[in-house]
Amino acid sequence: MRRGLAVVLVLLGCVALPRPASATSSQPRSDILQLVSQTPVVEPSGDLTIRLRVSGAPVGAQIRVEIRSRIPTRSDFKATLTGKTTRPRVAGPFQGPATPDATGVVVATVTTRDLQSEGVYPVTVDLLTDKGSALDSLLTFMVRLPLSREFGPLGVAIVLPVGGRPALRADGSTELDAASAQAVLSTASVLEAHATLPITISPTAETVDALETTTADELRKAVVGRQLTLTPYVRLHPAEWLAVGLAPELGREFDRGVDDIRDRLAAPDTSTYVADDRLTAEAALTLRARGVRSLVVQETGVSPLDERLFNRTLTQPFSLSGVDGVQAAVADASLSAHAGETGDPILDANHLVADLAVLYFDNPPDKRAAVVAFNEDQHVDPKLLDALLTALEPATNRILQPTTLATLFSSVPRAGSRGETNGKGTPLARTLTPTLGANLSPFASQLRSAETDLDSYRGMVTADNPRPAEFERRTLVAGSSDLSASDQIAALETVRASIQGEAAKVQPPPRQTINFTARDGVISLTLRNTAGYPVKVLLRLQGEKLEFPGHENGLLEQTLTAETTRVSLNVRTRASGDSPLDVTATTPDGHLLIGRTRVTIRSTAFSGVGIILSVGAGSFLALWWLRHAIAVRRERRSRLKHSVRGSDANRAED
């Protein structure tokens, strides 16, 4: 056997065979051979055991195993994964029948004690026909541990998102899709099975709110003793909100997220936040104002490193330019990208562990930690998570150590600007280089209008009414980045329509005509409330010929507790005849219009001023008539007297 390695194909105990010369280059099917499990890491004197599931293989099919030369750098590792390079064989080929055991699994065990070096070794596994033609193949890796135990392990900070698309619909109904609910339950089961391993969880509060009680209980048990990061109520991009002036609204998203996670699961660590690639300096400063002191950022969201000083993957925290008091670490996208890489979750987990091991062998003496932050949009298969956590169990793995983000930031020294790894020298500072985000201006306008309506409605109902909280939650959900721009706007419009629909359940007084026989009178305004709960309304009274004793400003606030409420109102008319009274019903702040009506007040009484004027006018006319009559009589007498004197004079002349 080459290099003294031996392989045992369990059940048949076959010996290593030379590679068949008749092997062809036909394309493998990639749906027959599947990795069930393998030894996560191999001690220098240990064996590599590979367990395979073979489906539909023809009679006489063979399994062939080859070990390739160790991978020195991470670039070589990536090249091997993509098939851009083929490393030379250092052991094998080893071949035997693909005959499953009673559990349906084919097991291959390879002793590796004759290998001279620790490191990561590619392992090719091929399924061949009895003629040597390739049926299927897979590439896995063997992590061989070092002889020396002098150096500590590489920290592995796994950040696991728990959440998905909003379960709360625009119409107020809640429907968490079955796949998301099952994923949460399966994830909780895996976490409980590895309860002693530290891990960081980024939960979406809206999803947690929508969980059934049994699932929520399982998740609560799974997060005991684990770090929960700061998250908003729904998934969103803070920088996009701040760019359109939605800082207060963003604050409410975070406040509700913190409160709900605390109530449903456990108190989150509000000093740690996992950011997206759109993080701006403004957003980072806003987070700092909320108490965030540790940020996980995306590699594409920060300035690149000087490769002359940093010739290996950076696995230490650093500072952010212009954001004092905050330290950051990069989420290694290449690590999280292994999820879903091959379609086989167990094989994906193996690739991830091997990638981490390559990072460890980069420089074992340094105290470092890598961040594996799975993307919110990724589906982390529970099988992958289970295989990954199994591979990181401290009982078997002494070069990789699971840790939380909190431990990473408190224990790993910051990188120096000149490439220092011991925490000395000037700290490395990197600049945020955010990816361009969406323009939320239309959403911002609609959100402000919806919140104004909600505030108005909140003032209309009593404090124990649950509807404002329901409307608020629907408003928060409308901001989810999982929704399209049109769906966000539509959700807010639906919320506003629902609020206005509740206000419309109050009907203003009907049109009517009321007769007054005196200046002062009392009118009765009838309001109907079909909402089924008490509401407060503001009545605005307007009438140019009317006064409202006791309500001189024309405002009357009324609480409607029954379906029908009669409001008595004192009214004083300024003149006889018809006087229109316009009644406008609104919410107490006057923002939401409930309805308008007109009441006509018909007064048949004379006013005091009118009587005085009438008497005065009559007296004036009587006095004028009397004086006129006297003047006329005097004038007649005068004419008569002159006439008599003229007659007497004429007689004298005669």
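The following is a dialogue about how terms are applied to a predicted model.

Student: What should I know about the model before we start?
Tutor: The model is predicted, so local features need pLDDT of at least 70 and side-chain atom pairs count only at pLDDT 80 or more, while totals for chains, interfaces and linings use all residues. Residues are numbered from 1 along each chain as its sequence is written, and side-chain values use heavy atoms, with hydrogens and water left out.

Student: How many helices and strands does the protein chain have?
Tutor: The protein chain has 15 helices and 27 strands. Helices are DSSP runs of H or I with at least four residues, strands are runs of E with at least two, and both are numbered from the N terminus.

Student: How much of the protein chain counts as buried?
Tutor: Of its 654 residues, 47% count as buried. Buried means under 20% relative accessible area, exposed means over 50%, and partly exposed lies in between (1.4 Å probe, protein chains only).

Student: What makes T315 buried?
Tutor: T315 has a relative accessible area of 5%. The cut-off for buried is under 20%, so T315 counts as buried. T315 is found in the loop between β13 (294-298) and β14 (318-320).

Student: Which residues is T315 in contact with?
Tutor: Leaving aside neighbours within four places in sequence, T315 is in contact with L359, R368, A369, A370 and V412. Contact means heavy atoms within 4.5 Å.

Student: Why is S603 called buried?
Tutor: S603 has 4% relative accessibility, and that is under 20%, so S603 is buried. S603 lies in strand β27 (residues 593-603). Apart from neighbours within four places in sequence, the contacts of S603 are F516, A518, T573, A575, S576 and G577.

Student: Are R89 and E66 buried or partly exposed?
Tutor: R89 counts as partly exposed at 25% relative accessibility. E66 is buried, with a relative accessible area of 1%.

Student: How do you know that R220 and D217 form a salt bridge?
Tutor: The side chains of R220 and D217 meet at 2.6 Å, N to O, and the limit is 4 Å, so the pair counts. R220 and D217 are three residues apart in helix α4 (residues 213-222), so they are separated by about one helical turn. R220 counts as partly exposed at 30% relative accessibility, and D217 counts as partly exposed at 30% too.

Student: What about K221 and E218?
Tutor: K221 forms a salt bridge with E218, the closest N and O atoms being 3.0 Å apart. K221 and E218 both lie in helix α4, three residues apart, about one turn of the helix. K221 is partly exposed at 46% relative accessibility, and E218 is partly exposed with a relative accessible area of 23%.

Student: How many salt bridges are found in the whole structure?
Tutor: A search of the whole structure finds 30 salt bridges. D520, E547, R572 and R574 are linked in a network of salt bridges.

Student: Why does R87 have no salt bridge with D76?
Tutor: D76 is the nearest side chain of opposite charge, 4.5 Å away, and a salt bridge must be within 4 Å, so R87 has none. For charge, Lys and Arg count as positive and Asp and Glu as negative, while His and the chain ends are not counted. R87 is buried, and its place is in the loop between α1 (74-82) and β5 (89-97). The backbone oxygen of S69 lies 3.2 Å from a polar atom of the side chain of R87.

Student: Which helices do the buried residues of α12 pack against?
Tutor: They pack against α5 (238-243), α6 (247-264), α13 (467-477) and α14 (485-503). The buried residues of α12 include F443, A444 and L447.

Definitions and conventions:
A polar contact is a pair of N or O atoms within 3.5 Å; within protein, one must be able to donate a hydrogen and the other to accept it, and residues adjacent in sequence count only if both atoms are side-chain atoms.
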